[in-house]
Each structure stands twice: as structure tokens, then as C-alpha cells.
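Colleague: I would like to learn how to read a structure, feature by feature. Please take me through this one.

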Amino acid sequence: MTEKKMAREKSEINEQDDCKADEYGELNVVNIRLVKEPSIISDEPVRCSDDASRLIRELLSGFDREVFAILNLASDGKPINMNVVSIGTLNASLVSPREVFKSSILSNAACFIAYHCHPSGNPKPSLEDFEATQRLREAGAILDIKMADHIIVACGRDKTFSFASNNYLEGNGKDNYQNFKNRESWER
């Protein structure tokens, strides 16, 4: 048998194998493993909103568009990882619980802190920020992954807004926003 004929027969066999795989479909095997590595964020536990702000403020303050990220924490408060969930536009960023909790679940996080930046340099939260906070807090409760805080970082400035520090983490997002607006006008 010539080499050319053997190559042609081998090619025909491969084509038949390919047809069987296509006919019956192919099952891809995916493995997910948790690999313990040292934290690149910090080895110190996050105990309060100021600790949380210090960790991420510098990283997020240089963006020219909204960036939404989460910091996943172990049960002792030590950072496990940080995940950039969404890079948005000048004044908006998509926040989907599905994308937010993907890294929390995979990293076995006990709780998380949500962060996003305001390129305007003003950390004042919008109605959408309050509603997103409520939605993520509620989704986290279902998954038993507590939302410890939501922090807005003012780009180009050393300012942040913490929902937990300002007592806006719990409750209804719309009501909290209205209370925030009322308090803001009263303080003027």
C-alpha cells in the first residue's frame, strides 16, 4: 500500500470519527478548583468602611468611566480577591447579580463589599446606586453571602461614600434615596 493511499484512508477514518462526534454531540468536561494563594490586596482583615475604602480607593480613582467591582472576604474579614464586574460609560455601569456573585461563589466568600467609581469626582449616590445596593443585598441574602458595604469612590479626589457608614445599606433603595435627598437639603 502506498503512503498516499494510507494517508487518504486515514483521512477518511478521521472524517467518519468527526461525523460521529457531530452526530452524537460532544460533552466538554469543565473542572473548577479552589486554589489557595496569598491575597494580592491585603492580608489584613477589613473591619470597617475606612479599611475597605483605603484598599480600593487608589485603584478605582484613576478611571475615566464607571467601574463596578467587588471585594470578596473570608469569614475572618480577610480579602480573598477583587473582581472587576463591569466597566461602563461616563455615568453608568451595568450591575447584574449573576456577574457580581460569580466570583463570590467560586471563591467561597462569606461576604463582599461592592465598589464603583464616579468619574465626575462627586461620590454622591444616585437613585440607581441605591436601587443596585438593595438588589445586591437581597440577592446576597438569598445566597447567604452578606453585603458588608457599597462604597462609591470619587475619581481624582480623596473622597468616598459608604452606604454602611451612612446607614443606607438596609431597607428600601427608593426610600433610602429619598431620605438621603431630604437629609442633604436639610444639611445645607
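Predicted model: local features only at pLDDT ≥ 70, side-chain atom pairs only at ≥ 80, totals over all residues.

Colleague: How many helices and strands does the chain have?

Modeller: Helices (H or I, at least four residues) and strands (E, at least two) are DSSP runs, numbered from the N terminus. Here the chain has five helices and five strands. Along the sequence they follow the pattern α-α-β-β-α-β-α-β-β-α.

Colleague: How do I read the numbers for burial and surface of the chain?

Modeller: Buried means under 20% relative accessible area, exposed means over 50%, and partly exposed is in between (1.4 Å probe, protein chains only). Of the 188 residues of this chain, 37% count as buried. Accessible areas come from the Shrake-Rupley method with a 1.4 Å probe, and for residues only the protein chains shown count as cover. The chain exposes about 12,300 Å², and carbon and sulfur atoms supply 49% of that area.

Colleague: Which strands does β4 pair with, and in which directions do they run?

Modeller: Two strands pair if DSSP finds at least two bridges between them. Strand β3 (residues 111-118) runs parallel to β4, and eight bridges join them. One example is Y115, whose bridge partner in β4 is I151. With strand β5 (residues 160-162), β4 runs antiparallel, joined by three bridges. There, I152 has F161 of β5 as its bridge partner.

Colleague: Is strand β4 mostly covered or exposed?

Modeller: Strand β4 (residues 146-154) is mostly covered, with seven of its nine residues buried.

Colleague: What unit do β3, helix α4 and β4 make?

Modeller: A crossover is right-handed if, with the strands pointing away from the viewer, the path from the first strand over the helix to the second runs clockwise. β3, helix α4 (residues 127-143) and β4 make a right-handed β-α-β unit.

Colleague: Where should I look for positive phi values?

Modeller: Look at the turns and loops here. G156 takes a positive phi near 75° in the hairpin of β4 and β5, which has five residues between the strands. D144 has a phi near 60°, a positive value in a residue other than glycine. D144 is in the loop between α4 and β4, and it counts as exposed because its relative accessibility is 66%. N167 also has a positive phi near 60° and is not a glycine. N167 is found in the loop between β5 and α5 (173-187).

Colleague: How many salt bridges does the search find?

Modeller: Side chains of opposite charge can pair when their charged atoms come close. A salt bridge is a side-chain nitrogen of Lys or Arg within 4 Å of a carboxyl oxygen of Asp or Glu. The search of the whole structure finds four. Among them is the pair of R137 and E170, at 3.9 Å from N to O. That pair links distant parts of the chain, with R137 in helix α4 and E170 in the loop between β5 and α5, 33 residues apart. R137 is buried because its relative accessible area is 16%, whereas E170 counts as exposed at 51% relative accessibility. Salt bridges that share partners also join R98, E99 and K102 into one network.

Colleague: How far apart are the closest N and O atoms in the pairs R98 with E99 and K102 with E99?

Modeller: For R98 and E99 they are 3.4 Å apart, and for K102 and E99 they are 3.1 Å apart. K102 and E99 are separated by about one helical turn because they are three residues apart in helix α3.

Conventions:
Residues numbered from 1 in each chain as written. Heavy atoms only, no water.
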